[in-house]
Amino acid sequence: FGISTSKIAIQKGFKMVAAFTRHSKHTKNVGELLGMPDDESLAFTVSGMNKLEQIIDTTRPHFCIDATSSTLESVFSHFYRLISKKVHILTLCDEAVFPLTRFHWKPRQLAKTLDAMAKENNVVVL
C-alpha cells in the first residue's frame with residue numbers, strides 16, 4: 001500500500017522528502033520504486049528506520065504517511081519517534097484507526113499513550 005499511497009499523494013501535489021522501511025531490502029531509488037524514474041525530486045533512496053530522526057531534522061516534513069503495518073504494536077516505536085519530532089501521521093494501521101474494537105488490552109493502551117503524546121505535542125494521528 002505504501003507505493004500506491006505515495007503515488008496518490010504526489011499526484012495531489014504533495015512533495016515527498018523521504019521514504020523509510022522496516023526492512024532494508026530496497027536498492028532502487030524512490031522514483032524507480034514508484035515507477036517515476038524521470039522525476040528528479042524522487043532521486044533518493046529508501047532509508048532504514050535507524051535514520052528517521054536524522055532525516056526528519058534535515059527535511060522537516062509536515063506529515064508522514066505510514067503504510068507499514070496493521071498493528072499498533074508494530075508501529076508504536078516509530079509513531080512515538082515521529083510524534084516527538086512533531087510530525088503529523090496519516091496511517092493505514094487498522095488498530096490506530098480503531099483501537100477500541102479489539103478485545104486485547106495492549107492496542108487500547110498503546111492508542112491511549114500515543115493519543116496523550118500527540119495532544120501534548122499538538123500532532124494529529126489520523
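Trainee: Why is Lys 85 called partly exposed?

Mentor: Its relative accessible area is 29%, and the label applies between the two limits, with buried meaning under 20% and exposed over 50% (1.4 Å probe, protein chains only). Because 29% lies between these limits, Lys 85 is partly exposed. Keep in mind that this is a predicted model, in which local features need pLDDT of at least 70 and side-chain atom pairs count only at pLDDT 80 or more, while totals for chains, interfaces and linings use all residues. Residues are numbered from 1 along each chain as its sequence is written, and side-chain values use heavy atoms, with hydrogens and water left out.

Trainee: What makes the pair Lys 85 and Asp 57 a salt bridge?

Mentor: The term requires a side-chain nitrogen of Lys or Arg within 4 Å of a carboxyl oxygen of Asp or Glu, and here the N to O distance is 2.8 Å, so the pair qualifies. The bridge links distant parts of the chain, since Lys 85 sits in the loop between H4 and strand E4 (88-91) and Asp 57 in helix H3, 28 residues apart. Helices here are DSSP runs of H or I with at least four residues, strands are runs of E with at least two, and both are numbered from the N terminus. Asp 57 is itself partly exposed, at 40% relative accessibility.

Trainee: How many salt bridges does this rule give, and which side chain does Glu 53 meet in one?

Mentor: The count comes to three. Glu 53 meets Arg 81, at 2.8 Å from N to O, and because Glu 53 lies in helix H3 and Arg 81 in helix H4, this pair ties together parts that are 28 residues apart in sequence. With a relative accessible area of 26%, Glu 53 is partly exposed.

Trainee: What separates Lys 119 from Asp 115 along helix H6?

Mentor: About one helical turn, because they are four residues apart in that helix. Their side chains meet in a salt bridge at 3.0 Å, N to O. Lys 119 is exposed, with a relative accessible area of 62%, whereas Asp 115, at 38%, is partly exposed.

Trainee: How do you know that the buried residues of helix H1 are on the same side of H1?

Mentor: In H1 (residues 2-11), the buried residues are Thr 5, Ser 6, Ala 9 and Ile 10. They cover an arc of only 135° around the axis, which puts them on the same side of the helix; the arc is taken from the directions from the helix axis to the C-beta atoms. Strand E3 (63-66) is among the elements that cover these residues, and after H1 comes Gly 13, with a positive phi near 105°.

Trainee: Which residues touch the most other members of the largest nonpolar core?

Mentor: They are Leu 72, Leu 82, Ile 83 and Leu 114, in a core of 18 residues. Helices H3 (52-59), H4 (72-84) and H6 (105-121) are the elements that give two or more residues to this core, and H4 supplies the largest share, six residues. A nonpolar core is a set of buried Ala, Val, Leu, Ile, Met, Phe, Trp, Tyr and Cys residues joined through side-chain atoms within 4.5 Å.

Trainee: What does Ile 83 touch, leaving out residues up to four places away in sequence?

Mentor: With contact meaning heavy atoms within 4.5 Å, Ile 83 touches Ile 89, Leu 114, Met 117, Ala 118, Asn 121, Val 123 and Val 125. There is also a second, separate core of nine residues, including Ile 10, Met 16, Val 30 and Leu 42.

Trainee: Why is Lys 15 labelled exposed?

Mentor: Its relative accessible area is 69%, so Lys 15 passes the limit of over 50% for exposed residues. Lys 15 has its place in the loop between H1 and strand E1 (20-21). Its C-alpha atom is separated by 9.2 Å from that of Pro 61, although the two residues are 46 residues apart along the chain.

Trainee: How many helices and strands are there in the chain, and what share of its residues counts as buried?

Mentor: The chain has six helices and four strands, following the pattern α-β-α-β-α-β-α-β-α-α along the sequence. Of its 126 residues, 34% count as buried.
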